[in-house]
Amino acid sequence: MPLFVVEYTYSPETSALRDDHRTQHRAWLSELLRRKIMRSTGPLASGHGALFIVDAEDEDAVARVFAHDPFAEENLVANMQIREWSPAMGEFSE
């Protein structure tokens, strides 16, 4: 199955609201990990976004999954980019 990198960009203005919804967001992420949809995730060191590595059939499938993120449902993601990724070496390569 193809791998995709999803990048969130956050607005500083929504920081407090993200804190309010972080528990639900992390529960949603944990479920994606349990179901082996997501392979890895974490915030960017700057605090202005996050990266996700996702297994999915195609970009539309990724978008449908990420529409259910509590952060997305509360309009706390300023921008989301989805890109198919072809790892050549390392843990995620085939």
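Ser11 is placed in the loop that connects β1 and α1; helices (DSSP runs of H or I, at least four residues) and strands (DSSP runs of E, at least two) are numbered from the N terminus. The structure is a predicted model, in which local features need pLDDT of at least 70 and side-chain atom pairs count only at pLDDT 80 or more, while totals for chains, interfaces and linings use all residues. Residues are numbered from 1 along each chain as its sequence is written, and side-chain values use heavy atoms, with hydrogens and water left out.

Ser11 counts as buried because its relative accessibility is 18%; buried means under 20% relative accessible area, exposed over 50%, and partly exposed in between, with a 1.4 Å probe and protein chains only. When neighbours within four places in sequence are left aside, Ser11 is in contact with Arg18 and Ala78, contact being heavy atoms within 4.5 Å.

The sheet is open and consists of 4 strands in the order β2-β3-β1-β4, with antiparallel pairing. Two strands are taken to pair if DSSP finds at least two bridges between them. β2 (38–43) and β4 (79–85) are the edge strands, each pairing on one side only. On average, neighbouring strands of the sheet are turned by 15° against each other, direction ignored. Axes are lines fitted to C-alpha atoms, for helices over the stretch in contact, and angles run from 0 to 180 degrees between N-to-C directions. Helix α1 packs on the sheet and touches β1, β2 and β3, and its direction makes about 150° with that of β2. Helix α2 also packs on the sheet; α2 touches β1, β3 and β4, and its direction makes about 45° with that of β1.

Strand β3 is mostly covered, with 6 of its 7 residues buried. The antiparallel strands β1 and β3 are joined by 7 bridges, and Thr9 stands opposite Gly49 in β3. Between β2 and β3, also antiparallel, there are 5 bridges. Here Met38 stands opposite Val54 in β3, and Leu51 in β3 is the bridge partner of Gly42. The hairpin of β2 and β3 has 5 residues between the strands, and within this hairpin Gly47 takes a positive phi near 85°.

Positive phi values also occur at two residues that are not glycines. Lys36, found in the loop between α1 and β2, has a positive phi of about 60°. Lys36 counts as exposed because its relative accessibility is 66%. Asn75 lies in the loop between α3 (70–73) and β4 and has a positive phi of about 60°. With a relative accessibility of 65%, Asn75 counts as exposed.

Arg83 belongs to strand β4. Its relative accessibility is 37%, so Arg83 counts as partly exposed. Although Arg83 and Val6 are 77 residues apart along the chain, their C-alpha atoms are separated by 6.5 Å. Beyond its neighbours within four places in sequence, Arg83 is in contact with Leu3, Phe4, Val5 and Glu7.

The largest nonpolar core has 20 residues, of which Val6, Tyr8, Phe52, Val54, Val62 and Phe66 touch the most other members. At least two residues of this core come from each of β1 (3–9), α1 (15–34), β3 (49–55) and α2 (59–66). A nonpolar core is a set of buried Ala, Val, Leu, Ile, Met, Phe, Trp, Tyr and Cys residues joined through side-chain atoms within 4.5 Å. With neighbours within four places in sequence left aside, the contacts of Tyr8 include His25, His48, Phe52, Phe66, Val77 and Met80.

The largest pocket has a volume of about 240 Å³. Among its 14 lining residues, Arg22, His25, Arg26, Gly42 and Pro43 are the closest to its centre. Two or more lining residues come from each of α1, β2 and β3, and α1 gives the most, with 5 residues. On a 1 Å grid over the protein atoms alone, a pocket is an open set of points where a 1.4 Å probe fits, with protein on both sides within 12 Å along at least five of seven lines; lining residues have an atom within 4 Å of a point. Grid points are joined across faces, edges and corners, and a volume is the space filled by probe spheres set on the points.
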